[in-house]
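Colleague: Before we go through the side-chain contacts and the surface, please put the model up.

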Amino acid sequence: MIYHILAVGDVVGEQGVKHLERHLRSFKKLRDIHFTVVNGENASNVGIMPDQVEQLYSAGADVVTLGNHTFGKQQIVSRLEDDPYLLRPANYTGRAPGRGYGIFDCGHIQIGVMNLIGRCGLDFNADNPFTTADRLLKGEKALFTLVDFHAEATSEKLAMGYYLDGRVSAVWGTHTHVPTADEQIFPKGTGYISDLGMTGPIRSVLGIRPEQSIEGFLGGLPGRYQTADGACKMQGVIFDLDSSTGLCVGAERVDIR
C-alpha cells in the first residue's frame, strides 16, 4: 500500500495559521493524505503559543515540529513536556525541555517523526545532528521514519539527506521559508527536498512586512516582527511511501493559495 504523507512548511503569524485552517483539511481529503507534519515555530512570528498549537491540530496537523525559535515564547515550555505530538529539535542539549522524536499510530502502521536543527549558521550550541540521528535510529523502529531538518545551509541539508538515504523514508528541510526545486528520491529510496517553503503571506519577506525587512538591511531599527498583510500560501511536499519497503516512491511539491 502507498501512504501519502504531507509535510507543510513553516507557518508564519496568525495569517499563516488562519490560511492553514481554511485549506489544510480540504486539501488532505482531496489528495487522500494519511499523515501530516506541520512546522509551527513561527506561528507567533518568533515562537509559538500553546493555543496556536491547538489551532494547528484542529486545522489538520498530526504532528507539529519546531526549530530555532522553539523557545521564542516561554509559555510553550510546559506544553513541550506534556504534549507528545509537539516536537522540538532532538539535538538541543539534554537540559532543554521536551522531546525531538516520537512514534505515532497511523491506522495499522506506525510513523516515526524526528526533528533536528542544523549547525551551519545557526549557533544554538546544539549537538551534532548527524550523530543524534544515528542514536535515535538505534531505538524502536517504525515502518516509516520522517525527518524535519531545520537548517540554514542547503549543503548541510543535502549531506543529511544522503547520510540517511535508505535508513529513513523522507528528509525535508525547513527554516529558510523559500521552497527549493530539488524534490527527489535518493538512490537508496529516501525522499528529499532542501526546503518546503512556508505557510503565510505571499507578498512578504519570509512572512514579514517587506518595508520592515528593508529597514533592517538599511541599518535601521526594524523593531518587533510584523507579519505582512494580504493573500497567503501553504507550501509543502507530498511524499508517497511504500508500506512494503518503508521507502519513498514519489515526491510532489504543493502550493495552495
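Modeller: Val178 lies in the loop between β9 (170-174) and β10 (184-185), where strands are DSSP runs of E of at least two residues and helices runs of H or I of at least four, numbered from the N terminus. This is a predicted model, in which local features need pLDDT of at least 70, side-chain atom pairs count only at pLDDT 80 or more, and totals for chains, interfaces and linings use all residues. Residues are numbered from 1 along each chain as its sequence is written, and side-chain values use heavy atoms, without hydrogens and water.

Colleague: Is Val178 buried, partly exposed or exposed?

Modeller: Buried means under 20% relative accessible area and exposed over 50%, with partly exposed in between (1.4 Å probe, protein chains only). The relative accessibility of Val178 is 46%, so Val178 counts as partly exposed.

Colleague: How far apart in the chain are Glu252 and Arg31?

Modeller: Their side chains, Glu252 and Arg31, meet in a salt bridge of 2.7 Å, N to O. Glu252 is in strand β14 (residues 247-256) and Arg31 in the loop between α1 and β3 (35-39), a separation of 221 residues.

Conventions:
Salt bridge = Lys/Arg side-chain N within 4 Å of Asp/Glu carboxyl O.
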